[in-house]
Amino acid sequence: QVQLAESGGGTVQAGGSLRLSCAATGRTFSNYIMGWFRQAPGKEREFVAAIGWSGGNTYYADSVKGRFTISRNNTKNTVYLQMNSLKPEDTAVYYCAANLYYSGTLSPTNPRRYDAWGQGSQVTVSS
């Protein structure tokens, strides 16, 4: 099994930046597709970004494209989400997720593709 631990959340003013980190332990990290999702109060969990095992393929929600960047360091077993030009509507709990076992046709943007989830990190953007 793999354990995921997010860090780097906090409160920032609109227009500011934050970098989230997700450290994975327990299994070979480099084999997984990794994703970031978020959930705001009263809303469903939504896709933010995903990255392939080598880092060569990345996927973004339209709402964050051009502002957020996902990356990974397989030697450190860590995936990152650099968030720039933050907006109040980015306020949410952010979760990282790992695709450990699924190898079907679901898109990396689909939360059902992911088998392991972190505990979440709160990001609050004030106006």
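Student: In this predicted model, what is the strand order of the open four-stranded sheet, and how do its strands pair?
Tutor: Let's start with the pairing, which is antiparallel. Strands of a sheet pair through backbone hydrogen bonds, either parallel or antiparallel. The sheet here is open and has four strands, in the order β1-β3-β8-β7.

Student: Which strands stand at the edges of that sheet, and why is one side of each left without a neighbour?
Tutor: An edge strand here has a single partner strand, so one of its sides has no neighbour in the sheet. From one strand to the next, the twist averages 15 degrees. The two edge strands are β1 (3–7) and β7 (68–73).

Student: How many bridges join β7 to β8, and what stands opposite arginine 72?
Tutor: β8 covers residues 78–83 and runs antiparallel to β7, with six bridges joining the two. As for arginine 72, look across to β8. The residue opposite is valine 79.

Student: Which residues of β1 make up its covered face?
Tutor: In a regular strand the side chains alternate between the two faces of the sheet. For β1, the uncovered face holds Gln3, Ala5 and Ser7. The covered face holds Leu4 and Glu6.

Student: Moving to charges, how far apart are N and O in the salt bridge of glutamate 46 and arginine 38?
Tutor: Side chains of opposite charge can pair when their charged atoms come close. Glutamate 46 is partly exposed at 36% relative accessible area, whereas arginine 38 is buried at 5%. Their side chains meet in a salt bridge with an N to O distance of 2.6 Å.

Student: Which residues end up in one salt-bridge network?
Tutor: The salt-bridge count for the structure comes to four. Salt bridges that share partners make the network. Its members are Arg38, Glu46, Arg67 and Asp90.

Student: Which tyrosine makes a polar contact with the side chain of arginine 38?
Tutor: Arginine 38 joins aspartate 90 through a side-chain polar contact of 2.9 Å. Another side-chain polar contact of arginine 38, also given as 2.9 Å, goes to a tyrosine. That one is tyrosine 94.

Student: What distance separates the C-alpha atoms of arginine 38 and alanine 92?
Tutor: Along the chain, arginine 38 and alanine 92 are 54 residues apart.

Student: On to the rings: is the pair of tyrosine 114 and tryptophan 117 stacked or edge-to-face?
Tutor: The structure holds four aromatic pairs. In this one the ring centres are 6.2 Å apart and the planes stand at 65 degrees. Planes over 60 degrees apart count as edge-to-face, so tyrosine 114 and tryptophan 117 are edge-to-face.

Student: Which residues do the ring pairs link into a cluster?
Tutor: Tyrosine 114 is buried at 6% relative accessible area, whereas tryptophan 117 is partly exposed at 28%. Ring pairs link both of them into a cluster. The cluster consists of Phe37, Phe47, Tyr114 and Trp117.

Student: Which arginine lies over the face of tryptophan 117?
Tutor: The residue in question lies 4.7 Å from the ring centre of tryptophan 117. It also lies over the face of tyrosine 95, at 3.9 Å from that ring centre. The residue is arginine 45.

Key:
Residues are numbered from 1 along each chain as its sequence is written. This is a predicted model: local features need pLDDT of at least 70, side-chain atom pairs count only at pLDDT 80 or more; totals for chains, interfaces and linings use all residues. Side-chain values use heavy atoms; hydrogens and water are left out. Two strands pair if DSSP finds at least two bridges between them. Axes are lines fitted to C-alpha atoms, for helices over the stretch in contact, and angles run from 0 to 180 degrees between N-to-C directions. Buried means under 20% relative accessible area, exposed over 50%, partly exposed in between (1.4 Å probe, protein chains only). Rings of Phe, Tyr and Trp (its six-membered ring) pair if their centres lie within 6.5 Å; planes under 30 degrees apart count as stacked, over 60 as edge-to-face and the rest as tilted. A charge sits over a ring if NZ of Lys or CZ of Arg is within 6 Å of the ring centre and within 35 degrees of the ring normal. A polar contact is a pair of N or O atoms within 3.5 Å; within protein, one must be able to donate a hydrogen and the other to accept it, and residues adjacent in sequence count only if both atoms are side-chain atoms.
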